[in-house]
Structures are given as C-alpha cells and as structure tokens.
Amino acid sequence: MSHQRVEPLDVEAIRAEYPILDQSVDGTPLVYLDSAATAQTPDPVVDAMSDYYRESNANVHRGIHHLSQQASVAYEEAHDRVAEFVGASGGRKELVFTKNTTESENLIAHAWGLRELGPGDEVVLTQMEHHASLVTWQQIAMRTGADVKYIEVTEDGRLDMDHARKCITDDTAMLSAVHVSNTLGTVNPVNELVDLAHEHDALTFIDGAQAVPTRPVDVEEIGADFYAFSGHKMAGPTGIGCLYGKEDLLAELDPYLYGGGMIRKVTYDDSSWGEVPWKFEPGTPPIAEAVGLHAAVDYLEEIGMERVQAHEERLAEAAYDALSAIDGLTIYGPEPGPDRAGLVSFTLANVHAHDLASICNDHAVAIRAGDHCTQPLHDTLGVAATARASFYVYNSVDEIDPLVEAIEDAQALFG
Amino acid sequence: MGTGSDMYRQQILDHYKNPRNYGELEDPTFSHVGENPMCGDEIRMDVVLDETDDGATIEQVAFSGDGCAISQASASMLTSTLQGKTVDELLSMERDDVTDMLGVDISPMRIKCAVLAEKVAQDGAEIYRGDADGEKTTIED
Ligand SMILES: Cc1ncc(COP(=O)(O)O)c(C=O)c1O
C-alpha cells in the first residue's frame, strides 16, 4: 500500500489550522467524522477569502477600475490553478466553475444530453451512482427517450467489470460513473471504464466528488471527457464546484444557463456566446469562493496528495479493523487496500442508523446516517439506511476509539 | 461521557423493544400508512371507532411498521394514550403533546421521527371524515 512509501502527516500541526475542531459538545471534545459530506476549511483558505473581501472585492469582467481588475484576475487565475491541480493542460479553457458537482452533472446532461440523446441511445451508469448523477441522467433520459443501464455492484462492493463490458455497447452514448463511491468507499477502475466507453465511441463523465479531495487525480491520464468535483469536500468553501471538459468538447457545446457575462454580442433578436469557461458561467460568479478554492488547492498540494491518500488509507484500515471486531456490525464495501477510500459505511444489528448517529452525537462523535444520496444502492444492499464515518487530513487514528465506544454504548442500550 | 440529548431514556427503549398494540386489526374503521423518507421509517395505524350520536370514540388502535427507536416508541406510546379518546381529541393533538408524551427533548433533526405516528393517525381520521384525500402520508418539513 502506498502509505509505506510516503511520510505520514503531522496531524497535530494540521489540526492547529482548523480552530473549528477545537471545541466540545456538552463537555466532550468534538470528533468530526463526516468529511465525505463536507470537509472542514483550514485557516489559509478562510484567510484568503476574508482578505479578498477586505481588500479586493468587486464584480468581475465588467469593471475598468482597480478593484474590479484585481477581482477579475484572481477569479480567472483560479481556473488555471484548479485545472493544473487535476492535470488539465488547457487551463481555463477546460475548467468551468459551477455551484457544485451536482450542477456540473446538470450542465453536461442538459447542454450535451438534451441535444444529443434520443430513442435508441443508452446512458450507462453504475449502481453506486450518487443521486447527483443518477437522478440527473435518469430524468434527461426520460425527456429524450434514451435508455439507462446500470453496471452492477458485486457482493464485495466493487463494480462487476464483466457486466460493464456487457452494458457498454455501440448504442452507448454516455458513460457516467463515480470515481470513488461515497457509500461503499470503492475506488473504481475509471481508466478501464473510460477506455471501454471510448472503444464504443461513447463519451465519459466521471464524478470525482470523493476522489479529488482524497488522492492524486489526473484527468488526462484517466482520459475522461468530463470530470466533476466540489470545493467543499476538498478543504475549500461551499458554493463552488468544477467541471473539467476536453477543450474541443466544451467549445462546441451551447450554454446551459443564460444571462450576462457570458455573451459576445446581443441584439434584440439573437445572441452569441463568449469563450469557455465564461459562456458556462452567466451572472455574477462565486468570486470569493474561487479565491478560496485556489487557496485550498495550494494547501492540499503543499501537504501532497500522495500523503493525503496514504493517510486516508491508514484511517480506513484502522476503522475497518476496529469496527469489524464489533459483534453484529456489518461493513459495506471492499476490504482495506488501494481500492478503498477513507470512509466506512456500516449498520449495527437492532439499532437503526439514525439512532446510532444520535447516540454517537451524545458522545460528540459526528457521523452521518441515512441513504447518503444513494437510495437505489441501499435498496440493492437491502438496508434503508447506513451509518458512515469518513476521515480527512485532520483526523487521527485515535479518534476511532470514541467512535467504537459510542457504538458499544448504543449496543448496550439497545441490546 | 457527555449524556447529550438524553433521548434514549428507559421508557423509550422499553416501548421500542416491547411495542404496545403492535400489529394489524381485523376489521378497522380506518387505517392509514405514512413514511418519513429521510429515515425510511414507515408506520401503519389501524383504528376501530365506536360511533354514537355524540361523536366517535377510539375503541381500539394498533400500529405496525418499522424504523428508528424514536418513531416506533412514539407510535407505541400514542396507541396507548389514544384508547378511549374521541376523534376530535385526536385531531386537536399537537407536536408538543407528542414530545410531552415521550418525556425527553427531541433534537430538531429527529422531530419528524417523533411526530410520524401522530400525523398518520390524524391524516387517517381526516380522510375517514372526508376532510382530506386518501394519499399516503409523507412527513416533510
Ligand atoms: C460521489 C458524490 N457525487 C456527488 C456529490 C454531490 O456533491 P455536491 O452536493 O457538492 O453537488 C457527492 C456529495 O455529496 C458525492 O459524494
């Protein structure tokens, strides 16, 4: 496993930049194990955003004045920086800022899907898609008459690649797959999936919401046509997400939303569009958030994504071992290893996941319970809800102890 | 160790583990189903009414379904208190009556679990009276 090669994180030093973690809930120190939902934001990112508001705030693109120029340059450069972080050599021509991963999915599903899909076309998804991708493609397929197929998940929580080879055919127009499952923790073989789709001349959309925060990602090495992720899961702010798209593909798509700041020429009768990414970013964009995301990318690169990944794997393994020792506890997803990310979903016999999360909260342990926006996957697993503990750079292996204590307390109460 | 919300008092756990009036009734005057999509909680309420000129009194009530401890205990306790009440009394019950009955502070995120059974019983009664349509109850905000 990669964590044997890289230098471990200094969690204590990292935590010093997250004052939010230094608090108690009813007298017990907070243990935050819900980073897969939203990761905490370190001081350098918060500072970059408050400096922006204190020193450079103005609207972008339109102003000739000093502040507007500063804001415009910062906003535009953030695109290039984030593109570089995920290996997109086209810079801003290949990186659009959206609100979040969900909007990135919607952008392509509307701008490309509504135009290109029709009866006889197939959209191939996986059974472990997040609703962000599943609901979006399902609804666009319904509107266009296209069919949706789902690549099945095996008993051990991996994609059934034999089934993938059957699902992806010459009728496949789009393959949309999650890179890292937010429920099973599975790291999917996206290179192989993308190659398979390309062999059949299909386009590919990879949902990297859980991948970009936790491991090195190179969109060109993966070969994906489109790739999406969210700022708030990668030490950045809420309100900003990203859509990577190959330059030629984005260039020939029409906009998804309309308005100001995106146009070349407007008359009462017609309009023409500006360049990528601006033609996909109408209206006043999330400028401070772009500055924050730029800082988050700097922050993560400073730590080193290999080290982040190794840290996640170490925590996943420790959590997996500690939880699987508890009687009556079922863990979903693959065993620890390079294809399992730093999150663990589980159920406890006789205790509903929401009761478990409430009791964890009584122990000041923040976990998530529910369907994690993968309802159909939960139906496949045969459970209404699971509990999920997820980790990030600021979590230490010691924080798994209070989680285990809380689970044992729940078991004693309900036993 | 912080005891936090204190939601899981003995009484709630007792009703969860040994639910009262659990099951379905042979010949209910009305029955109604509701769910809390966030948790996957589902509850069915069966009610037998004794109808006189003075109005309808709840003679027998049972619930079935599954879900978290809060929703199930709340349903169990509710069935115990409803026996002998009039339909008007059921319909005038409020959220606070449920939390009072449970006897603990319910955290804001769990309040929907707590009030599901009451809502199902009330919606069932309104549909029976013809004051509402026969859709399944869904607890939203
Ligand atoms: C795998 C995956 N895809 C998509 C999303 C949606 O992200 P957002 O809510 O930021 O749009 C999430 C986050 O919940 C996720 O985990």
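Modeller: Just after H7(A), A:Asp201 takes a positive phi of about 60 degrees; helices (H or I, at least four residues) and strands (E, at least two) are DSSP runs numbered from the N terminus. This is a predicted model, in which local features need pLDDT of at least 70 and side-chain atom pairs count only at pLDDT 80 or more, while totals for chains, interfaces and linings use all residues. Residues are numbered from 1 along each chain as its sequence is written, and chains are lettered from A and ligands numbered from 1 in the order in which they are written.

Colleague: Which residues of helix H7 of chain A are buried?

Modeller: A residue is buried if 20 or more other C-beta atoms, placed from the backbone, lie within 10 Å of its own, and exposed if 12 or fewer do. In H7 (residues 190–199) of chain A the buried ones are A:Val190, A:Leu193, A:Val194, A:Leu196 and A:Ala197. Seen down the axis, they fall within an arc of 160 degrees (taken from the directions from the helix axis to the C-beta atoms), so they line one face of H7(A). The face turned away from that buried side carries the exposed A:Asn191 and A:Glu199.

Colleague: Which residues come nearest to the ligand?

Modeller: A residue is near a molecule if its C-beta atom, placed from the backbone, lies within 6 Å of it. Of the 13 residues around the ligand, A:Asn100, A:Thr102, A:His130, A:Asn182 and A:Ser230 come nearest.

Colleague: How many residues of chain A are in contact with chain B?

Modeller: With contact meaning C-beta atoms, placed from the backbone, within 7 Å, 18 residues of chain A meet 17 of chain B. The largest share of chain A's side, six residues, comes from H12(A).

Key
Contact = placed C-beta atoms within 7 Å.
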